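Here is a short report on one protein chain. Please look through the sequence and the model before reading on.

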Amino acid sequence: RAGLARPRRSLLFPRQQIGLPCSAPAALGAQRAGRSWGFGRRCCSCPAGRMGLDPLFHAWSYFRRRKFRQCSELCSELLERPPGNQMFYFLLYPVQAAWSLKTRALTEMVYVDEIDMDQEGIAEMMLDENAVAQVARPGTSLKLPGTSQGGGPSPAVRPVTQSGRPITGFVRPSTQSGRPSTMEQAIRTPRTGLTARPITSASGRYGRLGTASMLTNPDGPFINLSRLNLAKYAQKPKLAKALFEYIFYHENDVKNALDLAALATEHAQFKDWWWKVQIGKCYYRLGLFREAEKQFKSALKQQDMVDTILYLAKVYLRLDQPVTAMNLFKQGLDRFPGEVTLICGIARIHEEMNNISSAAEYYKDVLKQDNTHVEAIACIGSNHFYSDQPEIALRFYRRLLQMGVYNCQLFNNLGLCCFYAQQYDMTLSSFERALFLAENEEETADVWYNLGHVAVGIGDLNLAYQCFKLTLVNNNNYAEAYNNLAVLEMQKGHIEQARALLQTASSLAPHMYEPHFNFAILSEKVGDLQRSYTSAQKSEEAFPGHVDTQQLLKQLKQHFAML
């Protein structure tokens, strides 16, 4: 008996220490009557409440399981307690925890990683004055078309974007349509409105983020920012961080977010690197890239983080300094050896600068560190396909299929690889699966266009004609289909139809050399030498190394000299 210690009385009632708001008054009454209460009391109307689960813990469980809608609704119930219950509620229940948890849940509903998602509008591309050099040296700028450093396939083999760079094997925001050279070319995109750029970045994704509060809270915004005392919240670091992310991501109010971050970093005596990164993100969103650069550099001096390096590299890329961004990535690899995101960033820059062979080497380094990296596998497979190695490309795309990637694009690429690798038994079945998995008309148009190429390869021109027609049915702005239909019309002897189709193709995609060259050949055959010479010049401008265009220009100059 002497060796056993009596348990402390407070440990017999653990729920009393937690303090459930709805059962707290009843518990007080039970204690006054000299009675104790057990674990069977209901704390809320949810099933977990019938089991005696604390509602805040239940909301946190929803948050951990990424059920943000249920988490937000449960936090709202906690914050809307009747005034009679809230007297005891403020004594024992952490109201700030429920408020902070709901703020985080609403933020996670619309959260998008700022590092990878960067959408430049037409105004940012055409009216950008942040570049250091307007006429940069070849190989040091992302805006100059044709800065190829060799080692990659020519435009005769691999399609190019408006800026003259080859298309990549993995769709990113920066690879959708490239950088147009004129405002007319920027507004008249070669695709439909599904992938057309917005006028400004504010009218694109950021504009849609600002309306998230109306969807998540039909009765009005959760926090009225105009009545918020930012200086008060800046003195509470844990609440301030959750509030900043809510304002920045959910409400898209960059100005108030910047004010809160400035007050918070001042309260932290400029020693908190996290707030400096957030200030840099606000400056970047506002287009103040040099100020953002200073904040990110200051944050890196205090705390070396991979995300901060990626943000700073984004700033340099927007300033059109790819070499500086590449050096920054390499310095980061010295401090974080084997970091996949840094190696992938170097590979992307090499790819955007037309240095395809170096990009492929860096993507292979990515696979040495992470052999399930989808972007690296897709880009290497695409590079092998356009380098006339469809068998090797097929192995990479099969690897993606084994990893669980199951979409229209993958089966489309598998069908092309099977066809050019002469595995004809799998070609049509892959394209059938791609058509079945197509989610929109643009993807369906791509599949029908490739089926048209397969039909041309097997010699069935009637099938090819129907496939290209179906391509235009699904996507009326498909310039490549207009060009190929014009070639088929030329073989049938329909000159006028072919000329009309080629003119449409050249107006939709002025960066392609094929419509200009075909129109030049057609005009030369019918004796219209002036139009032929003009189109041949456009073809040479789009693809300076095209031998047939150079020979045609030489012949036309001889004709003009004879006249």
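Is arginine 348 buried, partly exposed or exposed? Arginine 348 is partly exposed, at 22% relative accessibility. Buried means under 20% relative accessible area, exposed over 50%, and partly exposed in between (1.4 Å probe, protein chains only). Its salt-bridge partner, glutamate 375, is buried at 5%.

This is a predicted model, where local features need pLDDT of at least 70, side-chain atom pairs count only at pLDDT 80 or more, and totals for chains, interfaces and linings use all residues. Residues are numbered from 1 along each chain as its sequence is written, and side-chain values use heavy atoms, leaving out hydrogens and water. The average pLDDT (the predictor's confidence in each residue, from 0 to 100) is 80, and 72% of the residues score at least 70.

The whole structure holds ten salt bridges. Each one puts a side-chain nitrogen of Lys or Arg within 4 Å of a carboxyl oxygen of Asp or Glu. Three of them are listed here.

| Pair | N to O distance |
|---|---|
| Aspartate 272, lysine 241 | 3.9 Å |
| Aspartate 304, arginine 335 | 2.4 Å |
| Arginine 348, glutamate 375 | 2.7 Å |

Aspartate 272 is buried, with a relative accessible area of 19%. Lysine 241 is partly exposed at 30%.

Glutamate 489 is buried yet has no salt bridge.

How values were computed:
Lys, Arg positive; Asp, Glu negative; His and termini not counted.
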